[in-house]
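User: I am new to reading protein structures. Please take me through this one with a few questions and answers.

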Amino acid sequence: LCCECGQPHPLLDNHLYNFQDEVDDELICHICLQPLLQPMDTPCGHTYCFKCLENFMQEYSFCPMDRKKLSFQQCHKSSLLVRNLLDKLLVLCPFKAECQQTMQRCELEAHLHNRCPGFKKYKSELQRKKNPISKGKEDPPAKGEANTPKDPEVPGGGSSLVAESSGAAVVSLGTAEPGLVNPAFEETEEGESLVQKWNSVLVAETTTIEIHREDPEEELGMRIVGGKDTPLGNIVVQEVLRDSVIAADGRIAPGDHILEVNGVNISSVTHCQAVSFLRQPGPVLHLLLLQEKGFSSKAGQQECSPPARELIHVTLVKRDRSEPLGIKLIRKTDEAGIFILDLLEGGLAAKNGKLSRNDRVLSINGQDLRQGTPEAAAQIIQTTESRVNFVILRQPGVQLGEPVEDGSTSNSSSSSSSNGGSPVHHRRRPDQNHYRRKSNYQKKTVAIKKEPKESLGITIGGGRDNKNKLPIYVTSVQPIGCLFRDGRIKRGDVLLSINGIDLTHLNYYEAVSALKSNAASHSVTLKALEILSLNSPEPSLDIREQGFSWSPLWITWLGLPSYLHFCQDIVLSKGNLESWGFSIVGGFEESKGNQPFFIKTIVPGTPAFRDRKLKCGDEIVAVNGVPAIGMSNSELIPMLKEQRNRVTLTVVSWPGSLV
């Protein structure tokens, strides 16, 4: 059941309500025929639900009522008066067997979590199903946790990368922290006073999902990016294909992070390993996901006495006020205060080596944060000129990772798994295989003699008319043609030219025509690129990739030379104080040199999310025409924040690996 409306519905659909009285037609959405939710006005004078209009505009470019030309960017939120009228509509509690309360629509969520006996009973039953041998009395889950498990455990006893963030609010540290671009402010409505985003947090939840397949061999139908051998780190869903198993289920969306597959932690594996895990056949697939839900108001804090733990003092020294510390902070649902979710590679905290994941922050520069929020901590850090003094509590048994660069010692010891080698999280160390932009391909020229009627015997994919504007590549080499006999052209090779005719700028049908016409010659000269994998692919990757549907893995495209990249400009627009709504990773670091910038997350409800063109895994080449190569993370983020209402991102978009 949805934890906001108390009724079952797909994750991306509108909430459902039982209205007490008949609602006026003027307040009805003409797409879903239900009272308006998050109403949006069109320039032609019609009003629809935000989600209804957003989904409609993905398919069509006109108004549903009068069919006038329309784009989603032209629409705007309805007036505060209209939204207040809708929020005051009277609804019945969905748990009518245990609760006969009536309330305003805007009050239902608070009623469910604080007063409704039916919802409390539902949560207790849900908790019993998840923990059938639960010991002792458990605290009721806080807001936003009805649909999510508590702190999932990784086989072998290691804690998940974001296990401690179940139902928690995740924020980036404002301007200085390499995370969300300007998450700290939000545009306000007309008639309302300007409110800083310190009153809101970015909510992310961990969710366990079961996917059922009638055919155990059927592909899931989603594309993924990321892996520990790329700057993205985690495995991220880039796209969900229509009419697929995942699309039919409806609970997985682009931007979701996949943490576990059938109980195996994949948040610290390579891209190829993750693809292999997700391609394993079976009737039921269990996935643990981290899903960002967008910005939400602060939840109430509970009093909590800190348990007896190790008290540690840590001082970080900034070279200037704007230098990032590289710390991500969260607020848990079951314990008051602030906790460290992650230490970003190359950041000041990671280099210092004395802070650790899951540390609880008691104070910063003498300011008590035992009942504080991540936003308050971020504000203190941002306004500090040089020395940032932390007092933290550490649970017994939590071990420090090794420092990344300095020579200071720590009491770390290597973690191991007792469950068949399931990966256990460490802080990343320099000797791991991090992604670098470097030449991992070789050119080859293949000249062969053939009979005029003998075919080349290859199938191809890609083409500049393709959605991702890919170069032409070989999808199969058939055992009937001259190229199979020759043996030098392989599946996955990028074709550059045939008999001097350039193939790199052709669409698919033009390339097919060029190959066929030149195949009629007695001799054929092909120039191609063979991609050399930086990481040996798993042997199992080819099991389900036979035939014409094969396509290269996402990580393969990252090694192509820049002259084969197809750059496109994406223009985003926003309000004066609104966040762009995406996070980036990569950039120049002394320990790893130049790395490309990648889009890691896109936050629901933000300009980047509404635009629909930017995708997780896209590489940022330039901002407003200024090349990003050679910039550090702390240089690019201020440049993005300086763009008040409009920014042009030049990006290269490669298709994620299909699973």
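Predicted model: local features only at pLDDT ≥ 70, side-chain atom pairs only at ≥ 80, totals over all residues.

Analyst: Residues are numbered from 1 along each chain as its sequence is written, and side-chain values use heavy atoms, with hydrogens and water left out.

User: Let's start with rings. How many aromatic pairs are there?

Analyst: Rings of Phe, Tyr and Trp (its six-membered ring) pair if their centres lie within 6.5 Å; planes under 30 degrees apart are stacked, over 60 edge-to-face, and the rest tilted. Counting by this rule, the number of aromatic pairs is ten.

User: Which kind of pair do Phe-95 and Tyr-122 form?

Analyst: Their centres are 6.4 Å apart and the planes make an angle of 40°, which makes the pair tilted. Helices (H or I, at least four residues) and strands (E, at least two) are DSSP runs, numbered from the N terminus. Phe-95 is in the loop between β5 (90-92) and β6 (102-104) and Tyr-122 is in helix α4 (residues 117-130), so the pair ties together parts 27 residues apart in sequence. To come back to your question, the kind of pair is tilted.

User: Are Phe-95 and Tyr-122 buried or exposed?

Analyst: Buried means under 20% relative accessible area, exposed over 50%, and partly exposed in between (1.4 Å probe, protein chains only). Phe-95 and Tyr-122 also belong to one aromatic cluster with Phe-119. By the area rule, both Phe-95 and Tyr-122 are buried.

User: How many residues apart are Trp-554 and Phe-598?

Analyst: Trp-554 and Phe-598 make an edge-to-face pair, 6.0 Å centre to centre with 65° between the planes. Both residues are buried. Trp-554 belongs to helix α11 (residues 554-557) and Phe-598 to strand β28 (residues 597-602), and this link between distant parts of the chain spans 44 residues.

User: Which ring does Lys-574 lie over?

Analyst: Lys-574 lies in the loop between β26 (567-573) and β27 (582-585), and its 10% relative accessibility is why it counts as buried. Contact means heavy atoms within 4.5 Å; leaving aside neighbours within four places in sequence, the contacts of Lys-574 include Ser-579, Pro-607 and Arg-644. A charge sits over a ring if NZ of Lys or CZ of Arg is within 6 Å of the ring centre and within 35 degrees of the ring normal. At 4.9 Å from the ring centre, Lys-574 lies over the face of Trp-580.

User: How far apart are the end C-alpha atoms of residues 29-67?

Analyst: In an unreviewed entry, UniProt lists this span as "domain: RING-type". UniProt positions are given in the numbering used here, feature names are shortened, and annotations may be inferred rather than shown by experiment. The span is 26% helix and 15% strand, and the distance between its end C-alpha atoms is 16 Å.

User: How many residues of strand β17 are buried?

Analyst: β17 pairs in the antiparallel sense with strand β19 (residues 387-394) over four bridges, and with strand β16 (residues 338-343) over two bridges. With strand β18 it forms a hairpin, where Asn-365 in the turn has a positive phi of about 50°. Strand β17 (residues 360-364) is largely enclosed by the rest of the structure because its buried residues number five of the five.

User: In β18, which residue is the bridge partner of Ile-364?

Analyst: β17 and β18 (residues 367-368) pair in the antiparallel sense over two bridges. In β18, the partner of Ile-364 is Gln-367.

Methods:
Pairing = 2+ DSSP bridges.
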